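The sequence and the model are shown first.

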Amino acid sequence: MLSTLLSELQWWHWLVLAMLLFIIEITAPVTWFLWVGVAAAIMALIVYIAGEITWQMQLLLFGTLGVASLFAGHQWFQRRPIQSDHPQLNRRGEQYIGRTFTLTEKIENGIGTVHVDDTRWRVNGPELPAGQVVRVTGIDGTTMQVEAATI
């Protein structure tokens, strides 16, 4: 039964698949669906121009085009990274690298806390007393890496 349905594949089936994949891309922006949708759109064009192509050949071409378009899309974004006016928008901690804060709890066994804006952050660093000014040198998840600041 499946082979009977597949034997009826026409160019507009590929176009509908491409549109569905583009709609999925809009609702779940991960770029995978975009490139597979491009492959489906190219398949619609190939089947429209070539006419009768067996369903096996269509699926083989679609698979090949899908992999090729995913690779091409990856290469595209590697050469042209997306520029943003807020590059640290979803990486909140990175905006604190280089800034100085005062320890609210001493660093004992490598762990302490600082108060940043309205939040307490866990810090890792050398043993330091509460009240010491520290400089953020890095972020590891939700923990700041700090060192004693020289003022």
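The model discussed here is predicted. Although isoleucine 42 and leucine 15 are separated by 27 residues in sequence, their C-alpha atoms are 8.6 Å apart in space.

**Helix packing around α3**

Two packed helices are described by the angle between their axes and by the distance between those axes. Helix α3 can be described in this way against two other helices, α2 (residues 11–27) and α4 (residues 55–79).

| Helix pair | Axis approach | Crossing angle | Handedness |
|---|---|---|---|
| α2 and α3 | within 8 Å | roughly 165° | left-handed |
| α3 and α4 | within 8 Å | roughly 135° | right-handed |

For α2 and α3, the crossing angle of roughly 165° is over the limit of 145 degrees, and these helices are therefore roughly antiparallel to each other.

**The largest pocket**

The largest pocket has a volume of about 180 Å³. Its lining is made up of 13 residues, of which Leu9, Gln10, Gly51, Glu52 and Gln58 are the closest to the pocket centre. Sorted by class, the lining of this pocket consists of six nonpolar, five polar and two charged residues.

**Positive phi angles in two loops**

Which backbone angle of asparagine 109 is positive although the residue is not a glycine? The angle is phi, at about 55°. Asparagine 109 sits in the loop that joins β1 (100–108) and β2 (111–116), and its relative accessible area of 69% places it among exposed residues, because the limit for that class is over 50%.

Aspartate 117, likewise not a glycine, has a positive phi of about 55°. Its place is in the loop between β2 and β3, the latter strand covering 119–124. Is aspartate 117 buried or exposed? Aspartate 117 is exposed, since its relative accessible area is 54%.

How values were computed. Residues numbered from 1 in each chain as written. Predicted model: local features only at pLDDT ≥ 70, side-chain atom pairs only at ≥ 80, totals over all residues. Heavy atoms only, no water. 1 Å grid on protein atoms, 1.4 Å probe; cavity = no way out; pocket = protein on both sides within 12 Å on 5 of 7 lines; lining within 4 Å. Points joined across faces, edges and corners; volume = space filled by probe spheres on them. Nonpolar A, V, L, I, M, F, W, Y, C, P; charged D, E, K, R; others polar. Axes fitted to C-alpha atoms, helices over the stretch in contact; angles between N-to-C directions. Helix = DSSP H or I, 4+ residues; strand = E, 2+ residues; numbered from the N terminus. Left-handed = near helix turned anticlockwise from the far one by under 90°. Parallel < 35°, antiparallel > 145°, perpendicular 65-115°, else oblique. Buried < 20%, exposed > 50% of the residue type's maximum accessible area, 1.4 Å probe, protein only.
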